[in-house]
Amino acid sequence: MTFGSTRGMSKGYSFSDAVLRGIAPDGGLFIPDDFYVYDSFQLSELSTMDYKSLACEIFSHYATDFTKEEIQRCVDNAYTNMDVKLTSVNGYLNVLELWHGPTAAFKDMALQILPEFMSVALTKNNRHEKIAILTATSGDTGSAALKGFKDVPGIKLMVFYPAHGVSQMQKQQMVTQEGSNLKVVAVEGNFDDAQTGVKNIFANYEFSQRMMERGYSLSSANSINIGRLLPQVVYYFYAYFLMCKKGVVSFGTKINFAVPTGNFGNILACYYAKKCGLPINKIICATNDNNVVSDFMNSGTYDANRKFMETISPAMDILISSNLERLLYDMTGSNSQSVTDMMVSLKSKGVYSVDKSTMDNISTHFWSSYATQEDCIRTIKSVYDRYGYLIDPHTSVGFDVYDKYVISTGDTTKTVTVSTASPFKFNKTVSDSIFGEKDTEQMNEFEILKYLSTKTGNQIPWPFKDLDKKKVLHNKVCNKNDMMKEVDEFCSK
Ligand SMILES: *Cc1c(COP(=O)(O)O)cnc(C)c1O
């Protein structure tokens, strides 16, 4: 299997190449030349597999320059501390909990294995470089990447986070992270400052040449990497089979998925699962107040010229939804010229439109709407009051939009709602939504953690236990103009 670009100019890359490069040389995103489509007989064989075997089976069709043993090793290393659960709420709502990993958010599902893929990829084609990964984070990506890349041979990771823009829990997860190949630096500024700083470093040719001379090639671990996307396809298969095993649907019956969406990675993986033969009816795309993607799916015009909103579901606060480019490629019938035109227009004017046939294709697979912050708060409370089930603010967006879908369409197809973070990771919002702000006004997030656990009788997830007692290992703060200097120092050894 080789990989080409959504923009059509780059072709014939191996899985290793695609994973190490992250972005295609023509500026597009890597996509496999084919998708392996399972028939119903094969699906029934997959349905008996455990998570690891299923992952190996699916990867074997794409990571074709890896040996079977290498794939197996990646999977074994990645998915030891992880679990995927399908919880049935009141026999009606089926929730796919993807947050039973080391940082209690779904990004672990991909960021536990991407470093393993990269590490094996480095051994291919006589590569001699080391990799330095640079990431700017608003919280979830940074902590998940740090856990994933910890002590991976040949790879270093540096995370920049906004000094005053992440939650106390997220910050504590990052600054206490052990690992000889890691560095975490706070940037004086907001997330945009951190992200712009990282982008400027990547765009500085002279700097990357200098790093190359020292044996380092700079790379990123963001969600457009095909090595992050592929692992996300696995849990849609797994969820479907769990729905069958639990007797919610009979084997072969189509189901819906409702997915809280930001950069369009998670939901694109759902669409890819459908493309590979999984019986999926509608994919419900749920966005927050930054509803650029749901507007697009309903109007055919993507317009990023709007005010950026900081919401209580920060991991979905996004105006440029990068992975959508891969969907556009499919929905235009693999028309890379038209994708290129749209992306050029997005970059220069912040806007593009698609034609009617593309819109029709999108509507065949997707339905989309958004949840305001008020919707989100109300839903957290009502789900808890009615079912005693706690959801985080991102998951709440999915729940609310699924409600809107049912009201709007009357569709009674059985549906899985994807839950992307533990409610304890966003404990202040969850607690305020359900119990009001009064009790917790004077508490810090660690105290609220205990408060929420006591009030609801839910156990605190293991990644947060004693987190407040862990030793701070990273306390560097830098000016946004000094980020390159920090990278320079990091790559001096
Ligand atoms: C990143 C993230 C999302 C958005 O996922 P995308 O793949 O970017 O669409 C949703 N919820 C949580 C908790 C996240 O961390």
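Predicted model: local features only at pLDDT ≥ 70, side-chain atom pairs only at ≥ 80, totals over all residues.
Helix α17 carries the exposed residues E374 and R386 on the face turned away from its buried side. The buried residues of this helix are D375, C376, T379, I380, V383 and Y384. Seen down the axis of α17, these buried residues fall within an arc of 155°, so they line one face of the helix.

**Helix α17**

- Helix α17 comprises the 15 residues 373-387; at 1.5 Å a residue it should span 21 Å, and its end C-alpha atoms are 21 Å apart, which agrees.
- The cover over the buried residues of α17 includes the strand β13 (366-370). It also includes the helices α18 (393-409), α19 (427-435) and α20 (445-456).
- Just after α17 comes G388, which takes a positive phi of about 70°.

**Helix α4**

- In helix α4, which covers residues 68-78, the residues E70, I71, C74, V75 and A78 are buried.
- Viewed down the axis of α4, the buried residues fall within an arc of 135°, so they line one face of the helix.
- An α-helix has 3.6 residues a turn, so residues three or four places apart point the same way.
- On the face of α4 turned away from the buried side are the exposed residues K68 and E69.
- The buried residues of α4 pack against two helices, α3 (51-60) and α6 (114-121).

**The ligand and its surroundings**

- The ligand is surrounded by 14 residues, of which the closest are K107, D140, G262, N263 and T420.
- N263 has a backbone N or O atom that lies 2.7 Å from an oxygen atom of the ligand.
- For F264, a backbone N or O atom lies 3.1 Å from an oxygen atom of the ligand.
- A polar backbone atom of N266 is 2.9 Å from an oxygen atom of the ligand.
- Taken alone, the ligand exposes 390 Å², and the protein buries 97% of that area.

**K183 in strand β7**

- K183 lies in strand β7, which is made up of residues 182-188.
- With a relative accessibility of 12%, K183 counts as buried, because the cut-off for that class is under 20%.
- Leaving aside residues up to four places away in sequence, K183 touches L157, M158 and V159, and also H474, E486, E489 and F490.

- Most residues other than glycine have a negative phi.
- A104 has a phi near 65°, a positive value in a residue other than glycine.
- The location of A104 is the loop between β4 (93-97) and α5 (107-111).
- A104 has a relative accessible area of 1% and is buried.
- D466, likewise a residue other than glycine, has a positive phi, near 60°.
- The loop that holds D466 runs between α20 and β15 (476-479).
- D466 is partly exposed, with a relative accessible area of 48%; this class lies between the cut-offs of 20% for buried and 50% for exposed.

Notes. Residues numbered from 1 in each chain as written. Heavy atoms only, no water. Helix = DSSP H or I, 4+ residues; strand = E, 2+ residues; numbered from the N terminus. Expected span 1.5 Å × (residues − 1). Buried < 20%, exposed > 50% of the residue type's maximum accessible area, 1.4 Å probe, protein only. Arc of directions from axis to C-beta. Contact = heavy atoms within 4.5 Å. Near = heavy atom within 4 Å. Polar contact = N/O pair within 3.5 Å; in protein donor to acceptor, adjacent residues only side chain to side chain. Areas by Shrake-Rupley, 256 points an atom, 1.4 Å probe, with all protein chains shown as cover.
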